[in-house]
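Here are some short notes for your review. Please read them with the structure open.

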Amino acid sequence: MPELIGRVLGGRYRLIQPLGSGASAQVFLADDVTLRRRVAVKVLHPALADDDAFLRQFRAEARAAAALNHPNVMAVYDWGEDDGPYLVLEYLGGGSLRALLDRGRRLSVSQAVLVGIDAARALEAAHRRGFVHRDIKPANLLFGDDARLRVADFGLARALSEAAWTEPVEGLVGTARYAAPEQGDGSPVDGRADVYSLGLVLIEAVTGVVPLTADSPLRTLASRAEAPVPVPAELGPLREVLARVGRPNPSERPTAAELGSALLGVARSLARPEPLPLVGATDGATRASSAPVADPTILPAWGPPIDDDHTTVLAPDRRPLDPTSAVRAAASRGRRPQGQPADRLPPGGAGPGPGRRRRWGALVVTVALVAALAGGGLAWAQLRPATAAVPTVTSQPLSEARAELEAAQRATDGEVSWEVVEQGDYSETVDADTVILQTPAPGARLKDGGTITLRYSKGPPPADVPDLTDMGVEEAAAALAAAGFTLGPERQQSDESVEAGTVLTWYGPDGAERPIQVAKGSAVSLLVSAGPAPRTVPDGLASGGYDQAAAALASVGLEAARSEEFSTDVQKDQVIRSEPAAGTSVAKGSTVTLVVSKGRDLVTIPTVADLSPQEAEARLEAAGLVVTVIAPSGATKAYVTDPAAATVVDRGAAVRLYLR
């Protein structure tokens, strides 16, 4: 690493201090000459520069990773190839979780939950865009000076899998110590592999031990394919969540979004965590390296920019070609030998006179001059690289700028091909995905293989989203407006424990739940409690007694009330019906009346013999009977009834009264 200190990559990034190294890359603290800011530069192994498959994958992954914008994902600012591929990353001064654990530090359960929530949010955002990290481990979980976690190296593990110089073990991509079992058997890998790895990291962060680790990568993966991850008791309320995360079958694990929600639920039952005992990014590197370290507080002075199009054609003697030198040489060759008279003729005939000699001398000079100029012009034509004028794309949408640059290259019939690098900057005045600045400037001639850098707007900068937990809708809207956001669409969801009209959670414009930061001016959508879900009066209440029906109502959150009535069809003490009827939707806690049978309403037919017809009929009707009078001519007294007196019948039964 020491020999790279002071080197400038891509004419822009000066390496000033080593931060760490691994099997495939070295990481340096660097100065961005153009923007005058600190960045981290990851310089990959030089052998990768000759690996075409890797370079193709690297370029594709670098572009995609640079577009992955999330508060918990390490930003990719730039990438390039300078005697080897490199990435320019957000510099995070808080160090990594690996550095923290290597110092013998352990996280409390509350601190581990905090780390897990941030990492799960990063994974959720990446998985939603089709990214699978494949190498989640403590070294890839880094912290900024604000202690906020970022996940690093999205896309790099996948690109390295294409490299011919270091073949993965049995198809494994990533670090076997934290790999999910499916990463070693050729099975398709999705986001649940990252969730499994994150679970192992959280267990190690609290206990210091990575579970199910054997003496080789293959044995490690084989043991994980056969058994779920054991979660030690010291994980406390995290045990249940991590037990689901560590299941061998990916389909039985939660997604990153589900893991984040589960961790939020655990967090509500825990005390607020102490600040993380972060290890600075440069602490370990400074002690581990014996190389001299540049003072990271001093920015170097930079000279004028290099003109990449400037070429000097040199003569064989390394001096610049001077056409007048041909004149001097020719004149020198045309001089007479020293001591020879000017008018003396050489033997063998008459020589030229002074006029003729002057004409021949001029001809020789002319021929020499033309030859020299022609030779110099030919050399320049052969050595000068093909160039083309850079079109104006500033203030254009990024898609149109790309198309115009491609058209300019096509117009050269294949003589010129440029590398186009896109770098995003936040702007409150320029629309998102609009070119702010282009380098080189419009009209400049750029050689074949040159680089055009487009700086485009990523829209307004991110701003902190307020915590809207337990707020009402109006209160939440006011808090969002005060923070510079607008209120997006509102959705409602039933909740058994949260009062109607209270905010349950919120979403950023990209759909991320409870985002820490989103672009200023963005719309934040609310999910609001609609209160407990309506209940349906269950069926089958009339199939048993009151107590049984009341228990069935209580099981769905409804109250029971008793009412009784006679029934000729339903046995005594059995439920006849419910009011409201079965299948009716009512609010939770509503009262449902259960109508219970008192059995048959029986009466005894009274004796009416010898009573006047009027008295007899009145007595029978008073008993609840329906009377039919049968009277022969001249009858004046009641005689008998049918059914007979003292017979027990249902109230409302028909009785015939005979007179005599």
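1. Leaving aside neighbours within four places in sequence, which residues is Val151 in contact with? They are Asn72, Val73, Met74, Ala119, Ala122, His133, Ile136, Asn140 and Leu141. Keep in mind that this is a predicted model.

2. Val151 also belongs to the largest nonpolar core, which has 51 residues. Val151, Val115, Phe154, Leu238 and Leu259 touch the most other members. At least two core residues come from each of several elements, including helix 3 (109-128), strand 8 (149-151), helix 5 (191-207) and helix 8 (256-267).

3. The salt bridge count comes to 29. One of them pairs Arg98 with Glu204, with the closest N and O atoms 3.1 Å apart. Arg98 sits in helix 2 and Glu204 in helix 5, 106 residues apart. Arg98 is partly exposed at 21% relative accessible area. Glu204 is buried, at 3%.

4. Glu422 and Arg402 form a salt bridge at 2.6 Å between the closest N and O atoms. Glu422 is in strand 10 (residues 419-425) and Arg402 in helix 12 (residues 398-410), so the bridge ties together parts 20 residues apart in sequence. Glu422 is partly exposed at 28%, and Arg402 is partly exposed at 36%.

5. Arg562 and Asp573 meet in a salt bridge at 3.8 Å, N to O. Arg562 lies in strand 20 (residues 559-565), while Asp573 lies in the loop between strand 20 and strand 21 (575-579).

6. Finally, a network of salt bridges links Glu90, Asp146, Arg148 and Arg150.

Definitions and conventions:
Residues are numbered from 1 along each chain as its sequence is written. This is a predicted model: local features need pLDDT of at least 70, side-chain atom pairs count only at pLDDT 80 or more; totals for chains, interfaces and linings use all residues. Side-chain values use heavy atoms; hydrogens and water are left out. A nonpolar core is a set of buried Ala, Val, Leu, Ile, Met, Phe, Trp, Tyr and Cys residues joined through side-chain atoms within 4.5 Å. Buried means under 20% relative accessible area, exposed over 50%, partly exposed in between (1.4 Å probe, protein chains only). Helices (H or I, at least four residues) and strands (E, at least two) are DSSP runs, numbered from the N terminus. Contact means heavy atoms within 4.5 Å. A salt bridge is a side-chain nitrogen of Lys or Arg within 4 Å of a carboxyl oxygen of Asp or Glu.
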